Amino acid sequence: MIIFTTNCSEIEVKNEFPAVNEVKSGSKFTIILPEDHRTGYNWQLSQDYNPAQIRQINEVWHGNDKGIYFHLEALSVGETKLTFISRKYTDTADIKHFIVKIVNK
């Protein structure tokens with residue numbers, strides 16, 4: 001049971017640019033960003049990544065204390081950059097970059 005749970009769980013990608021985060025092809029991973037809806041600012045994933053390598057599954061907000069979880073899947077071997085923008089209407093408050101290197105299983 002422990003092996004099954006470990007294999008099915010998503011890994012959390014934490015290291016921002018210039019660090020490189022390594023994930024295995026076919027695996028699912030999560031990027032968690034702080035998001036407090038009382039401020040009016042929300043994180044958005046920019047569509048400038050390679051869609052042949054990464055698929056965005058969904059994003060789930062877990063409250064002001066836990067933030068927003070971006071669930072993604074590594075599709076094919078390679079390297080791409082994920083850009084997240086914190087915005088309120090057209091006002092940009094912050095930008096975060098994550099480099100994801102996808103390796104063979």
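Residues are numbered from 1 along each chain as its sequence is written, and side-chain values use heavy atoms, with hydrogens and water left out. Because the model is predicted, local features need pLDDT of at least 70 and side-chain atom pairs count only at pLDDT 80 or more, while totals for chains, interfaces and linings use all residues.

Side chains of opposite charge can pair when their charged atoms come close. A salt bridge is taken here as a side-chain nitrogen of Lys or Arg within 4 Å of a carboxyl oxygen of Asp or Glu. The model holds 4 salt bridges by this rule. One of them joins lysine 96 to glutamate 16, with 3.3 Å between the closest N and O atoms. Lysine 96 belongs to strand S8 (residues 91-103), whereas glutamate 16 sits in the loop between strand S1 (11-12) and strand S2 (20-24), so the pair ties together parts that are 80 residues apart in sequence. Strands (E, at least two residues) are DSSP runs, numbered from the N terminus.

The accessibility classes are buried (under 20% relative accessible area), exposed (over 50%) and partly exposed (in between), computed with a 1.4 Å probe on protein chains only. Lysine 96 is buried, at 16%. Glutamate 16 is partly exposed, at 36%. Lysine 96 also meets aspartate 94 in a salt bridge, at 4.0 Å from N to O. Aspartate 94 is partly exposed, with a relative accessible area of 33%. Through shared partners, salt bridges join Glu16, Asp94 and Lys96 into one network.

Another salt bridge pairs aspartate 36 with arginine 38, the closest N and O atoms lying 2.8 Å apart. Aspartate 36 is partly exposed at 23%. Arginine 38 is exposed at 65%.

In soluble globular proteins, nonpolar side chains tend to be buried together. A nonpolar core is a set of buried Ala, Val, Leu, Ile, Met, Phe, Trp, Tyr and Cys residues joined through side-chain atoms within 4.5 Å. The largest such core has 18 residues, of which Phe29, Ile31, Leu82 and Phe84 touch the most other members. Two or more residues come from each of strand S3 (28-33), strand S4 (42-45), strand S6 (68-74), strand S7 (78-88) and S8. S6 contributes the most, with 4 residues. Contacts (heavy atoms within 4.5 Å) were listed for isoleucine 31, leaving out residues up to four places away in sequence. Isoleucine 31 touches Val13, Ile68, Tyr69, Phe70, Leu72, Leu82, Phe84 and Phe98.
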